[in-house]
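Please keep the sequence and the 3D view open while reading.

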Amino acid sequence: MQILAGVISGAKPSTVEYLVVAGGGGGGVGGGGAGGYRNSTGTETSGRNSSTETPLAVAEGTTYTVTVGAGGAATSGGGSPTLGSNSVFGSITSLGGGGGGQIDPELGRDGGCGGGSRNIVAGGAGTAAQGFGGGNGGGVNNAGGGGGGVGVAGVNASAGAGGAGGNGLSSSITGSAVTRGGGSGGAGSSTDGAGGTGGGQAGDSNTPGTVNSGGGGPGGYNNVQQAGGSGVVIIRYADSFEAAAATTGSPTITVTGGYRIYRWTGSGSITI
């Protein structure tokens, strides 16, 4: 075995670190919840229901599937709140965000992060180790609760005022800090809820959740409801190991800060 320019010839990693973010839920009157968020690159004492995870064991010559979840479609009047799609890396799955409640049904849906509800109804639940629940709807003029974020729950609506979306979390897996997984604000007759950091949008903003952030779609009251943002899958391992044998799905590949980093914005695979 030779060492060439810091790379151990023929050596492959036995574990990889990952960030897997699912697609955000679509907005109703309640804000869409962010896509579920699983991250092994450091301990987190808050966010994702206070979960920590370890790197994933991998084997040389094995191909691992990568699925990047799409954001959930916006929910029109009378339609069922729309979930975002799951994102997957190997055995790691993050669940799509819950859609925001609409006229019927008014409940925000459960998901990686829960969607905000409409009227006096409890918000959708988040998933342990992935994200938080959405806010409750408000009884006056049926305001929408904020969608849950991966860092904190969505805020309840109040008299005519939509609740704010929950904030996301920051990860430096690519070498630069980026916040993802924000829930979007619910819509209200007097005031709209603010969007959560990390791809969430304000209620009634006519702007979908940010692509590749897993941000929820904003609720609509005076304006049209919007879709959630798509997710992302990122992995890395020490650059002393050789590059992957093969990839599909056109990931962005960078070598920086002592790591080989692979970032997918669409589905594909990697062969170690």
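The report takes the sheet, then the aromatic rings.

The model is predicted: local features need pLDDT of at least 70, side-chain atom pairs count only at pLDDT 80 or more, and totals for chains, interfaces and linings use all residues. Residues are numbered from 1 along each chain as its sequence is written, and side-chain values use heavy atoms, without hydrogens and water.

**The sheet**

Five strands form an open sheet in the order β8-β7-β6-β15-β12, and the pairing is antiparallel. Strands here are DSSP runs (E, at least two residues), numbered from the N terminus. Two strands pair if DSSP finds at least two bridges between them. β8 (92-94) and β12 (246-248) are the edge strands; each has a single partner strand, so one side of each is left without a neighbour in the sheet. Neighbouring strands are turned against each other by 15° on average, direction ignored. The axes behind such angles are lines fitted to C-alpha atoms.

β15 (residues 268-271) is joined to β12 by three bridges, and the two run antiparallel. T247 has I270 in β15 as its bridge partner, and T248 stands opposite S269. Four bridges join β6 (residues 63-67) to β15, again antiparallel. Here V66 stands opposite G268.

What covers β15? Both of its faces are covered: G268 and I270 on one side, S269 and T271 on the other, are all buried. Buried means under 20% relative accessible area with a 1.4 Å probe, protein chains only. In a regular strand, side chains alternate between the two faces of the sheet.

**The aromatic rings**

The whole structure holds three aromatic pairs. Rings of Phe, Tyr and Trp (its six-membered ring) pair if their centres lie within 6.5 Å; planes under 30 degrees apart count as stacked. Two of the pairs are tabulated below.

| Pair | Centre to centre | Angle between planes | Type |
|---|---|---|---|
| Y237 and Y262 | 6.1 Å | 25° | stacked |
| Y262 and W264 | 6.3 Å | 20° | stacked |

Y237 lies in β11 (residues 232-238) and Y262 in β14 (residues 259-264), so their pair ties together parts that are 25 residues apart in sequence. Y237, Y262 and W264 form one aromatic cluster. Y237 is buried. Y262 counts as buried because its relative accessibility is 2%. W264 is buried too, at 0%.

One charge also meets a ring. The charged end of R236 sits over the ring of Y259, 3.8 Å from its centre. The criterion is NZ of Lys or CZ of Arg within 6 Å of the ring centre and within 35 degrees of the ring normal.

Conventions:
Axes fitted to C-alpha atoms, helices over the stretch in contact; angles between N-to-C directions. Phe/Tyr/Trp six-rings, centres within 6.5 Å; stacked < 30°, edge-to-face > 60°. Buried < 20%, exposed > 50% of the residue type's maximum accessible area, 1.4 Å probe, protein only.
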